[in-house]
Amino acid sequence: MANSAPKVAEAERFETDRAISLKAKDIANLIKHSKHFIVFTGAGISTSAGIPDFRGPDGVWTLRKQKRDAPSKATSTLQAIPTPTHMALVKLQNRGLLKYLVSQNCDGLHRKSGIAPEMISELHGNSNREYCRDCGKEYIRDFRAVAPYTKTVTDHRTGRKCSMLGCNGVLLDTIINFGECLFEQPLKLAREHGKKADFCLVLGSSLTVPPACTIPEIAGKSKRGKLGICNLQSTPLDHLVDGESMRVFARTDDLMIAVMGHLGLEIPQFVLRRQLTVKVVMGERDRNQVILQGVDVDGTPSTFLKSVRLEGSRRPAVTEPFTLSFRMDGQEELRLKLELEFMGNYLEPNVEIVHSTQCSERLYLLEYSPYTREWQVVGKDY
């Protein structure tokens, strides 16, 4: 942790806008013509979102080494908005140019920005993701799903239990603390893509933490691979970059905005996307239920609601899956008005969905703009 950072951080270097643009043109050309382009990201890509890095002049470990307090103005990872770098990577993924993403970051912004679960190895974990020790089921949360570490940093129990039928196993966070082994599957995938890469671009990493830093090294030492690095300080792998134009001293946003300009691609604005399943279960003696559950794009349970209120009911449902009872009273159809209350990390207002009892199950796609504070809801039949 703090011991891994120098007491006096290396000075950051900033190249001119012209130099950045010229290097961005070469990088864009490599991206365009590569067959297996991968990206490796570190804390530097999230600093413009208000999340401090670790080894910069005001980095978390640097300040701790100097026995100084971290800046109080730091943004919570739950409220941070993905940066232009994050969104540029989403665009490159969606256009088929980015083949894989390897990240050291635990802030969850890559997944939140729209990077598909199968497209990323989060080598050091995700502070919004926990999993069952017994059955392995994962859960995505709109709150910090991190253990309190009251006894030891190796005790990863979050205090919650698995909700899978018949399991009730202990849930663990996914954070890798110093001295712990990385999860095998993400590391294996990262190494495989490192070997396949004909171009690896490092964004915002000091490349000093093994074994994560060995992924760009694999690409840099490969005969067919090329390595590019964008970081404000020097790294131990600078000697492996493919020429001077592949070593950029700049903020990652400045580089990626220039790269996307040379590619002729627009960086999309961040939209918070959520999915909700609504299921109607008709019971005997008119004892019916409507059940709501958040899900991620890969079907992983996702917690983003505080409560659900059914019009006409006395109390809202406040635990997942959100289950509310209703009666038909002889009617052929009811239109259930369901008010959704969110966690509010982005000041999301409540939204109402109307679900017909004639539809046994439906997936609702919820899209929220933190800039306009408006929701868009689309129902999708199974």
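Two residues are in contact here when they have heavy atoms within 4.5 Å of each other. Keep in mind that this is a predicted model.

**Stop 1**

An unreviewed UniProt entry lists Cys132, Cys135, Cys162 and Cys167 under "binding site". They spread over 36 residues of sequence, yet they cluster in space, with a largest C-alpha distance of 8.9 Å.

Now go to Cys162. Find it in the loop between β6 (157-161) and β7 (170-173). Is Cys162 buried or exposed? Cys162 is buried, because its relative accessible area is 5% and the cut-off for buried is under 20%. Show its contacts, leaving out residues up to four places away in sequence: Cys162 touches Cys132, Cys135, Lys137, Tyr139, Cys167, Asn168, Gly169 and Leu171.

Move to Cys135. This residue sits in the loop between β4 (129-132) and β5 (138-141). Cys135 has 44% relative accessibility, so it counts as partly exposed. Beyond four places in sequence, Cys135 touches Cys162, Met164 and Cys167.

**Stop 2: Asp134**

Stay in the loop between β4 and β5 and pick Asp134. With 56% relative accessibility, Asp134 counts as exposed. Which residues does Asp134 touch, not counting those up to four places away in sequence? They are Cys167, Gly169 and Val170. Next, draw a line from Asp134 to Thr323. The two are 189 residues apart in sequence, and their C-alpha atoms are 26 Å apart in space.

**Stop 3**

Select His124. The unreviewed UniProt entry places the feature "active site" here, at His124. His124 lies in the loop between β3 and β4. At 13% relative accessibility, His124 counts as buried. Its contacts, setting aside neighbours within four places in sequence, are Ser103, Gln104, Cys106, Thr174, Ile175, Ile176, Leu182, Val209 and Ala212.

Asn126 is in the loop between β3 (120-122) and β4. Asn126 is buried, at 2% relative accessibility. Outside the four places on either side in sequence, Asn126 touches Cys106, Gly108, Arg111, Thr174 and Ile175.

**Stop 4: the second largest pocket**

Select Arg111, Lys112, Gly114, Arg273 and Asp296. Of the 34 residues that line the second largest pocket, Arg111, Lys112, Gly114, Arg273 and Asp296 lie nearest its centre. Which elements give two or more residues to this lining? They are α3 (84-94), α4 (109-113), β5, β11 (272-281) and β18 (361-369). The second largest pocket holds about 650 Å³ of space. Colour its lining by residue type: 14 are nonpolar, eleven polar and nine charged.

**Stop 5: a six-stranded sheet**

Switch to cartoon view. Follow the strands in the order β3-β2-β1-β8-β9-β10. These six form an open sheet with parallel pairing. At its edges stand β3 and β10 (247-248). Each has a single partner strand, so one side of each is left without a neighbour in the sheet.

Zoom in on β8 (residues 199-203) and β9 (residues 226-230). The two strands run parallel and are joined by five bridges. Gly228 in β9 is the bridge partner of Leu201.

Definitions and conventions. Residues are numbered from 1 along each chain as its sequence is written. This is a predicted model: local features need pLDDT of at least 70, side-chain atom pairs count only at pLDDT 80 or more; totals for chains, interfaces and linings use all residues. Side-chain values use heavy atoms; hydrogens and water are left out. UniProt positions are given in the numbering used here, feature names are shortened, and annotations may be inferred rather than shown by experiment. Helices (H or I, at least four residues) and strands (E, at least two) are DSSP runs, numbered from the N terminus. Buried means under 20% relative accessible area, exposed over 50%, partly exposed in between (1.4 Å probe, protein chains only). On a 1 Å grid over the protein atoms alone, a cavity is a set of points where a 1.4 Å probe fits but cannot get out, and a pocket is an open set with protein on both sides within 12 Å along at least five of seven lines; lining residues have an atom within 4 Å of a point. Grid points are joined across faces, edges and corners, and a volume is the space filled by probe spheres set on the points. Ala, Val, Leu, Ile, Met, Phe, Trp, Tyr, Cys and Pro count as nonpolar, Asp, Glu, Lys and Arg as charged, and the others, Gly among them, as polar. Two strands pair if DSSP finds at least two bridges between them.
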